[in-house]
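Please read these comments with the structure open beside you.

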Amino acid sequence: MSRRAIPALFVALALLGCGEEAPPPRFPVTFTAEADPGERLAAVSVTANGAPIGQTGADGTLHVDLTGPEGSPVQIGATCPEGHRAPAALPMITLRRVVSLDPATAALGLQVSVSCPPAQRHGVVVVRAGGDQAHAGVPVMIDGREVARTDASGVAHVALDMQPGQSFGVLLATNEFPNLRPQSPRQSFVFPDGDELFVFDQRFEVEAPPVVRRRSSRPRPQPQQAPTPVLPVRIGPTRR
């Protein structure tokens, strides 16, 4: 061993003998928040073992380094912004290093997905009042409230926002059209957990109006009455 190498060796041994603890390892973790598949969501607050670690940015992602012994479990939590439902139970992750031939994938580290679906879903109700002909002006009622009337082509469109799983009823009020059959048909729908198009296609039959017989203007012949009998008249002096 050369003389130059001996001092360097003593320095290394001295450092090892100082008893200083090495800093805990750091593990990169990437969180991705979505409202719906493919729709990134910002302002989602993330916690690790109950401690806040940041919010997702405009691109719906949050990159952090978690420290601790390798193999340590960490419970992830998330709070969604207003207008979005709380996510389902998030997984418990284990701190570990991600080994990948792709440097970009390795830089992302552990990847955690957070789902914050919208609190309400959007829907459009399309109503067709048809049959042998289009019926215009038919009131469209949703849960007892008039929201539209069919146009000249017998069609109406209504936009709705409702919670997933909520049901509603659509009724075509035919009070102003007593000759339509069936009268006031109704159909029920349930909002799914997603935007939806609802179609109420109702065919009507037109009942012919009752035949009204007109009275003749000629006077009806009156029944002949029996002649009144004529009593004989006595002529001469009246007896007392």
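The numbered points below concern a predicted model.

1. Begin with the sheet. It is open and has four strands, in the order E4-E3-E6-E7, and the pairing is antiparallel. Strand E4 (51-55) and strand E7 (92-94) are at the edges, and each has a single partner strand, so one side of each lacks a neighbour in the sheet. On average, neighbouring strands of this sheet are turned by 35° against each other, direction ignored.

2. Look next at one pair within that sheet. Strand E3 covers residues 45-48 and pairs with E4 in the antiparallel sense, over four bridges. As a point to locate in this pair, Val 46 is opposite Gly 54 in E4.

3. Which residue in the loop between E3 and E4 deserves a check? Asn 49 lies in that loop. Its phi is near 55°, a positive value in a residue other than glycine. Most residues other than glycine have a negative phi. Asn 49 counts as exposed because its relative accessibility is 52%, and the cut-off for exposed is over 50%.

4. Asp 143 is not a glycine, yet its phi is about 50°. Asp 143 sits in the loop between strand E10 (139-142) and strand E11 (145-149).

5. The last point is a peptide bond. Is the bond from Arg 181 to Pro 182 cis or trans? The bond is cis, with omega near 5°. Most peptide bonds are trans. Pro 182 belongs to the loop between strand E14 (180-181) and strand E15 (186-190).

Technical notes. Residues are numbered from 1 along each chain as its sequence is written. This is a predicted model: local features need pLDDT of at least 70, side-chain atom pairs count only at pLDDT 80 or more; totals for chains, interfaces and linings use all residues. Side-chain values use heavy atoms; hydrogens and water are left out. Two strands pair if DSSP finds at least two bridges between them. Helices (H or I, at least four residues) and strands (E, at least two) are DSSP runs, numbered from the N terminus. Axes are lines fitted to C-alpha atoms, for helices over the stretch in contact, and angles run from 0 to 180 degrees between N-to-C directions. Buried means under 20% relative accessible area, exposed over 50%, partly exposed in between (1.4 Å probe, protein chains only).
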